[in-house]
Amino acid sequence: MFTDYFAEKGRELQEKLKEQIQKRGLELPAKEKDLRIYRDFFHFIRDHIPQGFSLASGRVRNKRHMLSRSCDMVIYKKFCPSIIEMSGNFVLAESVHAFLSIETDLRSNHIVTHAGMTNAIKSLYADSQPESAPGNFLPIFSLFFAYQSALPLLSHKKVLDNYAQDKAVAATHQTDIICVLDQGMIIKDWEAGRYKVIETGPDTLMWFFILLLEYLDRDGQIRFNPREYIKNTKTYNEYE
């Protein structure tokens, strides 16, 4: 059921991206990022997350600090309709459930930039929590979505590993998922404490949706398990 649906949605996203690039006359890679070419991906996320969650592009802050860099996409819970205006056009860190970077062609510098943003935003979130809150897990998730990659996923995994080691980034402050449409994902295996590459091919968008939904359900209120609707289970190639 879900397998065919998300495979078709993946093809639609690829075609819509090409249309947006042609419409705006862009030559990639562009000097400045134009999020408007990803409008269909924003619509896809909006239409596939539960009601009660909101989307924004912009900066995040807590009561003491603010992120100087803008996020491509933030998925958060509104305390009230005017909360963004009340907070000076910032998304409050404690309301964030997940944040994403989006690129057409994934490159090593994109991963490094996102890893730095991940460390900063997760630090903002951790700083916004009560001192008694457990420090071994942060229920705020960092995702990267790319339409394609000329480099293999194992190369990107190495960049992630090297960045975390060189910058001494705590495991709780690292990227959770990197997804390359129709290729696969790099996923943080929290139990093993390391990243693994899974070649999910045309099923990549489906698994991205499933994991995103599970990440968003930190309060246990969604009460829907899409894994139960995947009948043709497959075994994918995995690498560590």
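Predicted model: local features only at pLDDT ≥ 70, side-chain atom pairs only at ≥ 80, totals over all residues.
Me: Which residues make the contact between H4 and H5?

Reply: Contact means heavy atoms within 4.5 Å. On the H4 side you will find Ser108, Ile111, Val112, Ala115 and Gly116, and these meet His156, Val159, Leu160 and Tyr163 of H5. Sorted by class, the contact of H4 with H5 has 6 nonpolar and 3 polar residues, with no charged ones. For the classes, Ala, Val, Leu, Ile, Met, Phe, Trp, Tyr, Cys and Pro are nonpolar, Asp, Glu, Lys and Arg are charged, and the others, Gly among them, are polar.

Me: What lines the largest cavity?

Reply: On a 1 Å grid over the protein atoms alone, a cavity is a set of points where a 1.4 Å probe fits but cannot get out; lining residues have an atom within 4 Å of a point. The count comes to 3 cavities of 30 Å³ or more, and the largest holds about 60 Å³ of space. Points are joined across faces, edges and corners, and volume is the space filled by probe spheres set on them. Around the largest cavity sit Ala115, Thr118, Leu160, Tyr163, Ala164, Val169, His173, Gln174, Thr175 and Tyr195. Helix H4 (108-128) and helix H5 (153-166) each give at least two residues to this lining, and H5 has the largest share, with 3. The lining has 6 nonpolar and 4 polar residues, and no charged ones.

Me: How does the lining of the second largest pocket divide by class?

Reply: A pocket is an open set of points with protein on both sides within 12 Å along at least five of seven lines. The second largest pocket has about 260 Å³ of space. Of its 15 lining residues, Lys33, Arg69, Asp72, Glu103 and Thr113 lie nearest its centre. Strand S2 (71-77), strand S4 (96-105) and H4 each give two or more residues to the lining, with H4 supplying the largest share, 5 residues. By class, the lining divides into 7 polar, 4 nonpolar and 4 charged residues.

Me: How do H1 and H2 run relative to each other?

Reply: The axes of helix H1 (residues 2-24) and H2 cross at roughly 150 degrees and come within 8 Å. H1 and H2 are therefore roughly antiparallel to each other. Tyr5, Phe6, Lys9, Leu13, Lys16 and Gln20 of H1 touch Arg39, Asp40, Phe41, Phe44 and His48 of H2. That contact has 4 charged residues alongside 5 nonpolar and 2 polar ones.

Me: At what angle does H2 cross H6?

Reply: Helix H2 (residues 39-48) and helix H6 (residues 204-216) cross at roughly 50 degrees, their axes coming within 11 Å. That makes H2 oblique to H6. Phe41, Phe44, Ile45 and His48 of H2 meet Leu205, Phe208, Phe209, Leu212 and Leu213 of H6. These divide into 8 nonpolar residues and 1 polar one, with no charged residues.

Me: Where is proline 139 found?

Reply: Look in the loop between H4 and strand S5 (141-148). Leaving out residues up to four places away in sequence, proline 139 touches His97, Tyr125 and Arg218.

Terms used. Residues numbered from 1 in each chain as written. Heavy atoms only, no water. Axes fitted to C-alpha atoms, helices over the stretch in contact; angles between N-to-C directions. Helix = DSSP H or I, 4+ residues; strand = E, 2+ residues; numbered from the N terminus. Parallel < 35°, antiparallel > 145°, perpendicular 65-115°, else oblique.
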